[in-house]
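I opened this model to go through a few elements in turn and to write down what I looked up for each of them.

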Amino acid sequence: MTEYRAVFDAEIAFVNGGGLSARGFRLDVPGPDVGEAAVAELLVRHLGLALVGSVEFPSLEIVAEAHKGSRGVAADASAGTPPDTAGAGGASRLVDLSHPIRAGLVTYPGIPAPSIAPHLTRAASREVYAPGTEFAIDVLTMAGNTGTYLDSPYHRYADGGDLASLELSTLVGLPAQVLHLADAATRGIPAEVFFERAAAELAGAAVLLHTGWSRHFGTPAYAAGAPFLSEAGARFLVSAGVALVGIDSLNIDDTEGGGERPAHSLLLAAGVHVVEHLTGLDRLPARGARFTAVPPRVEGFGTFPVRAFAELPTEEPGAAG
């Protein structure tokens, strides 16, 4: 069987600054028709690079040549290791990834802040119940886009699935792939940053984008200059078959680029859940956690706050030696 290698010059830039240049590099590829994007993904994985912002090829040629073995990285860009199952059972600890909701909280400029009012006060309840027994029943009025919340397809599409239609298996205990991007030099998260993850790691996973922007939550600074997922990044994650994408920023899209919302449009059209306004992602490892974010089962509603959290495996007593 004929084998093929890519021969190329490459310029690699990183989202947190700096870059690498390659001249006359040779890399095993699966066939003669492999495109630049697939070669870039193989190159990133072959070199074990992280936080890649872009890969450009001033020259690229595919030649018939025997494979030399690319340091254990399969020539097929879709190949990879099985999803990480750490934390699925056994001892674990929980990390809360949600902002608390309170009366007057401003999550997103222009969205009404929540208000809390009594329906039955404790004092009034004493007239209804037996002596020494009292209750408080309150009314919470808020927009679905409050605090840390999940978007269902209905949020974007009139015929999309609402909150009541979501399968729990797509919301609970998802293997988390965390991209730590807090030192990125650009706002838009490119597709190339995901090349370091094998296809099998991303399929069915919750991809969590740690930008560090949650440090501004609840302040005016949160509303301007926020990081977001690029259209190319959203397309890549859809093609990878992820189950959910979360971000600790103002929006999954660029709210300063006009009315277009490509990340929402692409992800929700593919049935990929979107969770916005996360916090605490700096406490998660790149791999190994399990992510959960479940909204109430509301019919005819597209977005609602969630209690998002991660489960991290803990060492069994006596495991260290």
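**Conventions.** I am working with a predicted model, in which local features need pLDDT of at least 70 and side-chain atom pairs count only at pLDDT 80 or more, while totals for chains, interfaces and linings use all residues. I number residues from 1 along each chain as its sequence is written, and the side-chain values I note use heavy atoms, with hydrogens and water left out.

**Entry 1, the sheet.** I looked up the strand order and found an open sheet of three strands, β2-β1-β3, with antiparallel pairing. Strands here are DSSP runs of E with at least two residues, helices are runs of H or I with at least four residues, and both are numbered from the N terminus; two strands pair if DSSP finds at least two bridges between them. Because β2 (19–29) and β3 (52–64) each have a single partner strand, they stand at the edges, and one side of each is left without a neighbour in the sheet. Neighbouring strands of this sheet are turned by 20 degrees against each other on average, direction ignored, the axes being lines fitted to C-alpha atoms, for helices over the stretch in contact, and angles running from 0 to 180 degrees between N-to-C directions. Between β1 (residues 4–14) and β3 I noted 10 bridges, the two strands running antiparallel, and Ala6 has Ile62 of β3 as its bridge partner.

I then listed the buried residues of α6, which are Ala263, His264, Ser265, Leu267 and Leu268; buried means under 20% relative accessible area, exposed over 50% and partly exposed in between, with a 1.4 Å probe and protein chains only. Their cover includes β7 (149–151), α3 (153–156) and α5. Just after α6, Gly271 takes a positive phi of about 80 degrees.

I found Gln177 in strand β8 (residues 174–180), buried with a relative accessible area of 1%. Its side chain is joined to that of Arg197 by a polar contact of 2.7 Å (a pair of N or O atoms within 3.5 Å; within protein, one must be able to donate a hydrogen and the other to accept it, and residues adjacent in sequence count only if both atoms are side-chain atoms). Six of the seven residues of β8 are buried, so the strand is largely enclosed by the rest of the structure. Five bridges join β8 in parallel to β10 (residues 206–210), with Ala176 opposite Ala206, whereas β14 (residues 290–292) pairs with β8 in the antiparallel sense over two bridges, with Leu174 opposite Phe291.

Most residues other than glycine have a negative phi. Leu51, however, has a positive phi of about 60 degrees and lies in the loop between α1 (36–47) and β3. His277 likewise has a positive phi, of about 65 degrees, in the loop between β13 and β14, and is buried with a relative accessible area of 0%.

Terms used
Contact = heavy atoms within 4.5 Å.
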